[in-house]
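Visitor: Please take one part of this chain and go through it closely. Start with the chain as a whole, so that the part has a setting.

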Amino acid sequence: MIRGRVRRSHADHASALAAEAEGYLLLRSHYDDARREAGELCAEMPWLTTAQAEDLAHHYCERRMLLARHMLRVTVQRADQLCQEYENRYQELRRALLKRHAACASAVMACAAGVGAAVGVLTR
């Protein structure tokens with residue numbers, strides 16, 4: 001039993017670590033895109049001094065990262081919401097299926113009891 005818990009703990013830890021690495025790589029990709037876009041924007045404004053271009057690029061990247069983080073949070077919240085909705089629907093369907101199976105099993109048992117009683121009456 002303890003080994004099962006340890007393995008599950010390692011699996012959970014590995015999954016969390018993989019998710020964290022994936023999140024880092026995703027944000028890094030957004031940052032690289034923002035730096036590239038900021039460079040393109042500054043290139044279209046040749047009158048900016050080097051300090052102004054760096055300042056503009058910095059602010060652009062900062063705003064873009066805030067937007068990316070916000071969009072990712074909204075996406076995660078929506079995914080959690082959908083997961084909960086699907087889980088609730090699954091539970092509803094499962095309960096309905098179990099009720100139907102119980103009703104069918106009861107009907108079969110009632111029929112079997114009725115047939116048994118009829119056979120008993122006819123054989124007397």
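Guide: The radius of gyration used here is taken over C-alpha atoms, and the globule rule is 2.2 Å times the number of residues to the power 0.38. The model is a predicted one. For 124 residues, a compact globule would come out near 14 Å, whereas the protein chain has a radius of gyration of 32 Å. Along the principal axes, the box filled by the C-alpha atoms is roughly 110 × 40 × 15 Å. The protein chain holds two helices and zero strands.

The part to look at is helix α2, which runs over residues 50–122. Its 73 residues reach 106 Å from the first C-alpha to the last, close to the 108 Å expected at 1.5 Å a residue.

Burial comes next. In the protein chain, 8% of the 124 residues count as buried. Within α2 the buried residues are Ala 53, Ala 57, Cys 61, Arg 64, Met 65 and Ala 68. Ala 53, in helix α2, has a relative accessible area of 19% and is therefore buried, as buried means under 20%.

A search of the whole structure finds zero disulfides.

Ala 110 is another residue of helix α2. Its relative accessibility is 48%, so Ala 110 counts as partly exposed; exposed would need over 50%. From Ala 110 to Arg 95 the distance is 22 Å, C-alpha to C-alpha, for a separation of 15 residues in sequence.

Back to the whole chain, for surface and charge. The protein chain exposes about 10,700 Å², of which carbon and sulfur atoms supply 61%. There are 18 positive and 15 negative charges, and the mean positions of these two sets are 18 Å apart.

Terms used
Residues numbered from 1 in each chain as written. Predicted model: local features only at pLDDT ≥ 70, side-chain atom pairs only at ≥ 80, totals over all residues. Heavy atoms only, no water. Helix = DSSP H or I, 4+ residues; strand = E, 2+ residues; numbered from the N terminus. Buried < 20%, exposed > 50% of the residue type's maximum accessible area, 1.4 Å probe, protein only. Areas by Shrake-Rupley, 256 points an atom, 1.4 Å probe, with all protein chains shown as cover. Lys, Arg positive; Asp, Glu negative; His and termini not counted. Charge placed at Lys NZ, Arg CZ, Asp CG, Glu CD. Disulfide = S-S within 2.5 Å. Expected span 1.5 Å × (residues − 1).
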